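Here is a briefing for a first look at this structure. Read it with the model open beside you.

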Amino acid sequence: MTHLQARGVVKAYGPTPALRGVTLDVAEGEIVAVSGPSGCGKSTLLHCLAGILRPDVGEVSWRGDRIDTWSESARSRLRRTEFGVLFQFGQLVAELTAAENVALPLLLAGTGRRAARTAAVNWLDRFGVAELADVRPGEMSGGQQQRCATARALVTEPRVLFADEPTGALDTLTGEQVLTQLVRLAREQRTTVVLVTHEPRVAAYADREVVLRDGMVDHTGLGFEASLGG
Ligand code: ADP
Ligand code: ADP
């Protein structure tokens, strides 16, 4: 069964639709890059797939259930449990330490403080930033912040990670390091990833690249690694 699916999704904010009938199937454990020029609808598609926005027309399904018809609270619950969402600027809470930031989704899900802290430090360690556990975002580099934000997005072990330009604010080398870690950990967990990017270099980390143009799927291709049999 298809893991995540969009069928004929149309979404408009004004007179010109941002999405004009997008159909997309994502398999379990697949890493799909959604690419294309600025304004082509990438973020809107990600928001529709993640249940943040409701399509005007069309369907979004998760494990065969139409989530676009779910209530806001049901979709919000889905985003706290089976889905994880990561944005360009990690949006860490400035007042909290790295460990407190990463523990937050677990605390919201009802995990006890001690277990949440242990899991948070463990995830920071997987991203090579365990030493930052008690440091606040303001004292970290951009790359360190985004590693923490990625750890926070994965700490609940979501089945799908939605990442919108997750390395867009980082320099090339740091961006590639964070992305390599993200992809490695996603593969270890068999996490499905929908990765929005306008950079071909970033799309090359995916199994498949879906290129949007003017709110439609222009074409689909294999990611660079997949084409090398990696
Ligand atoms: P991308 O992520 O590819 O840059 P977006 O999905 O952000 O594209 O935007 C697609 C189109 O929808 C653009 O023309 C953009 O200006 C418009 N758009 C996006 N978000 C909004 C919004 N909240 N209100 C009005 N227009 C929007
Ligand atoms: P991205 O980098 O993902 O393409 P943008 O910089 O285009 O995002 O947009 C950032 C935020 O502004 C998003 O929340 C998007 O929905 C909103 N937005 C984009 N275009 C418009 C617009 N024309 N009017 C209002 N909001 C917009």
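Contact, as used below, means heavy atoms within 4.5 Å. With that in hand, helix α5 lies across β6 and β7 and runs at about 165 degrees to β6. Keep in mind that this is a predicted model.

**The six-stranded sheet**

- Six strands form an open sheet with mixed pairing, in the order β6-β7-β8-β3-β9-β10.
- At its edges stand β6 and β10 (216–222), and each pairs on one side only.
- From one strand to the next, the twist averages 15 degrees.
- Strand β6 (residues 83–86) runs parallel to β7, with four bridges between them.
- In that pair, F83 stands opposite V160 of β7.
- β7 is also parallel to β8, and five bridges join the two.
- Here the bridge partner of V160 is T192 in β8.
- Strand β3 runs parallel to β9 (residues 208–213), joined by four bridges.
- A33 stands opposite E209 in β9.

**Strand β7, covered on both faces**

- Five of the five residues of β7 are buried, so the strand is mostly covered.
- V160, F162 and D164 are buried on one side of β7.

**The four-stranded sheet**

- A further open sheet has four strands in the order β2-β1-β4-β5, and the pairing is antiparallel.
- β2 (17–26) and β5 (65–66) are the edge strands, each with a single partner, so one side of each has no neighbour in the sheet.
- Strand β1 (residues 4–12) runs antiparallel to β2, and seven bridges join them.
- One of the residues paired here is A12, whose bridge partner in β2 is P17.
- Helix α1 (residues 42–49) lies across β1, β2 and β4 (57–62).
- The angle between α1 and β2 is about 55 degrees.

**L46 in helix α1**

- L46 has its place in helix α1.
- L46 counts as buried because its relative accessibility is 0%, and the cut-off for buried is under 20%.
- Beyond four places away in sequence, L46 touches F162, A163, D164, V194 and V196.
- V34 is 12 residues from L46 in sequence, and their C-alpha atoms are 8.5 Å apart.

**The nonpolar cores**

- The largest nonpolar core has 37 residues, and W123 and L124 touch the most other members.
- Eight elements each supply at least two residues of this core: β3 (31–35), α3 (98–108), α4 (113–126), α5 (142–154), β7 (160–164), α6 (172–189), β8 (192–196) and α7 (200–203).
- Leaving out residues up to four places away in sequence, L124 touches A98, A99, V102, V129, A130, A133, C148 and A151.
- A second, separate core has 26 residues, including V9, L19, C40 and L78.
- In soluble globular proteins, nonpolar side chains tend to be buried together.

**Around ligand 1**

- Which residues are around ligand 1? They are Y13, A18, P37, S38, G39, C40, G41, K42, S43 and T44.
- A backbone N or O atom of G39 lies 2.7 Å from an oxygen atom of the ligand.
- For C40, a backbone N or O atom is 3.2 Å from a ligand oxygen atom.
- A polar backbone atom of S43 lies 2.8 Å from an oxygen atom of ligand 1.
- C40 is also one of the residues of the second core.

- Most residues other than glycine have a negative phi.
- R63 has a positive phi, near 50 degrees.
- R63 is in the loop between β4 and β5.
- With 36% relative accessibility, R63 counts as partly exposed.
- R190 also has a positive phi, near 55 degrees.
- R190 is in the loop between α6 and β8.
- Is R190 buried or partly exposed? At 49% relative accessibility, R190 counts as partly exposed, because exposed begins over 50%.

Technical notes:
Residues are numbered from 1 along each chain as its sequence is written. Chains are lettered from A and ligands numbered from 1 in the order in which they are written. This is a predicted model: local features need pLDDT of at least 70, side-chain atom pairs count only at pLDDT 80 or more; totals for chains, interfaces and linings use all residues. Side-chain values use heavy atoms; hydrogens and water are left out. A nonpolar core is a set of buried Ala, Val, Leu, Ile, Met, Phe, Trp, Tyr and Cys residues joined through side-chain atoms within 4.5 Å. Buried means under 20% relative accessible area, exposed over 50%, partly exposed in between (1.4 Å probe, protein chains only). Two strands pair if DSSP finds at least two bridges between them. Axes are lines fitted to C-alpha atoms, for helices over the stretch in contact, and angles run from 0 to 180 degrees between N-to-C directions. A residue is near a molecule or strand if one of its heavy atoms lies within 4 Å of it. A polar contact is a pair of N or O atoms within 3.5 Å; within protein, one must be able to donate a hydrogen and the other to accept it, and residues adjacent in sequence count only if both atoms are side-chain atoms.
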